[in-house]
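Here are my notes on the side-chain contacts, for you to read with the model open.

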Amino acid sequence: MKYIFTLILMVLTTTVFAQDPMLQKPDRSLHEEVKSLSLAYNNELALNTDQLKVFEIKLEEFLIRREKIENTLEGRDKLEALYLLQDQETEEMKDILTRNQMQVYTRVKPSIQPITTVDKKR
């Protein structure tokens with residue numbers, strides 16, 4: 001009886017502490033975009049191999065979120081969500097990049113990953 005209880009407890013604990021399932025299944029359609037963006041950033045930032053791996057994972061995570069926003073929202077709501085997402089991405093990149101790399105990153109990000117604009121409807 002103790003064995004069954006322990007087994008059930010372990011399964012439930014594993015499920016509760018599991019990571020975000022969206023990030024566990026990489027989106028293959030974004031693979032090329034992640035590679036091209038990371039190459040563009042790497043040309044500016046000179047990332048080491050460890051940084052590059054983590055940087056690509058973080059890029060993919062935010063590209064998945066961006067795609068979801070672009071598919072579900074429109075107009076001003078979409079633009080505000082994209083700006084918020086961009087701020088979150090920049091904040092999380094602070095954990096990966098050095099101070100000098102971060103300064104370059106914030107300077108080149110608008111040209112490498114521009115935010116879409118909202119078309120004015122008349």
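This is a predicted model: local features need pLDDT of at least 70, side-chain atom pairs count only at pLDDT 80 or more; totals for chains, interfaces and linings use all residues.

1. Is E61 buried or exposed? With a relative accessible area of 9%, E61 is buried, because the cut-off for that label is under 20%. R65, on the other hand, comes out as partly exposed at 26%.

2. R65 has a ring contact as well. Its charged end sits over the ring of F62, 4.8 Å from the ring centre.

3. E33 and R66 meet in a salt bridge, N to O at 2.9 Å. This pair joins distant parts of the chain, since E33 belongs to helix α3 (residues 31-45) and R66 to helix α4, 33 residues apart. Both ends are partly exposed: E33 has a relative accessible area of 27%, and R66 has 25%.

4. Further along, E91 and K94 make a salt bridge, again given as 2.9 Å from N to O. E91 is partly exposed at 46%, and K94 is partly exposed too, at 45%. As for networks, salt bridges with shared partners tie K58, E61, R65 and E92 together. The total for the structure is 9 salt bridges.

5. Now the rings. How many aromatic pairs does the structure hold? There are 3. In one of them, Y41 and F55 have ring centres 5.3 Å apart and planes at 70 degrees, which makes the pair edge-to-face because that label needs over 60. Y41 is in helix α3 and F55 in helix α4, so this is a link between distant parts of the chain, 14 residues apart. Y41 and F55 are both buried.

6. Y41 has another ring partner, Y105. Here the centres are 5.2 Å apart and the planes are at 35 degrees, so the pair counts as tilted. Y105 lies in helix α6 (residues 99-112), 64 residues from Y41 in helix α3. Y41 is buried at a relative accessible area of 0%, and Y105 is buried at 0%.

7. To put the ring contacts together: Y41, F55 and Y105 are linked into a cluster by their ring pairs.

Conventions. Residues are numbered from 1 along each chain as its sequence is written. Side-chain values use heavy atoms; hydrogens and water are left out. A salt bridge is a side-chain nitrogen of Lys or Arg within 4 Å of a carboxyl oxygen of Asp or Glu. Helices (H or I, at least four residues) and strands (E, at least two) are DSSP runs, numbered from the N terminus. Buried means under 20% relative accessible area, exposed over 50%, partly exposed in between (1.4 Å probe, protein chains only). Rings of Phe, Tyr and Trp (its six-membered ring) pair if their centres lie within 6.5 Å; planes under 30 degrees apart count as stacked, over 60 as edge-to-face and the rest as tilted. A charge sits over a ring if NZ of Lys or CZ of Arg is within 6 Å of the ring centre and within 35 degrees of the ring normal.
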